[in-house]
Amino acid sequence: MKKLILIFLFCVIFAACQKQIDFDAQKWQKGKSRYQMTTSLIAKLDAEKPNKTEVLSLLGRPALEERVLEKEISYFLKADGFISGWELCIYFDDNGNYKSAEVSYFD
């Protein structure tokens, strides 16, 4: 019974740590809680349809310059091991207008 209670508590704590929060540009640019803001941020991008310049202004430039391509910008979200983790990929059309965004896993 004690094991069951401990497993339940672990699941509750784990779920609470993964809770989504509202997007905050200042926290984002400081690299804090990015993964937890993705749902809110993607909803904002979907609603506002910003161009590439506006996205870079809102989110800042990624730490690694090679993450800025002609039709895509990728932002590191969080590590999930030594060489694996999560990133936000934002896609643009030929004119530099927002097309879509997704969270993806890399390893």
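Let me start with the contacts of K99: leaving aside residues up to four places away in sequence, K99 touches Y91, F92 and D93, where contact means heavy atoms within 4.5 Å. Please keep in mind that this is a predicted model, in which local features need pLDDT of at least 70, side-chain atom pairs count only at pLDDT 80 or more, and totals for chains, interfaces and linings use all residues. Residues are numbered from 1 along each chain as its sequence is written, and side-chain values use heavy atoms, with hydrogens and water left out.

K99 itself sits in strand β3, residues 98–106; strands here are DSSP runs of E with at least two residues, helices are runs of H or I with at least four, and both are numbered from the N terminus. K99 counts as exposed because its relative accessibility is 58%, the classes being buried under 20%, exposed over 50% and partly exposed in between, with a 1.4 Å probe and protein chains only.

Turning to the partner strand, β2 (residues 85–92) runs antiparallel to β3 and is joined to it by eight bridges, while pairing requires that DSSP finds at least two bridges. Within this pair, I90 stands opposite A101, and the two strands form a hairpin with five residues between them, where G96 in the turn has a positive phi of about 80°.
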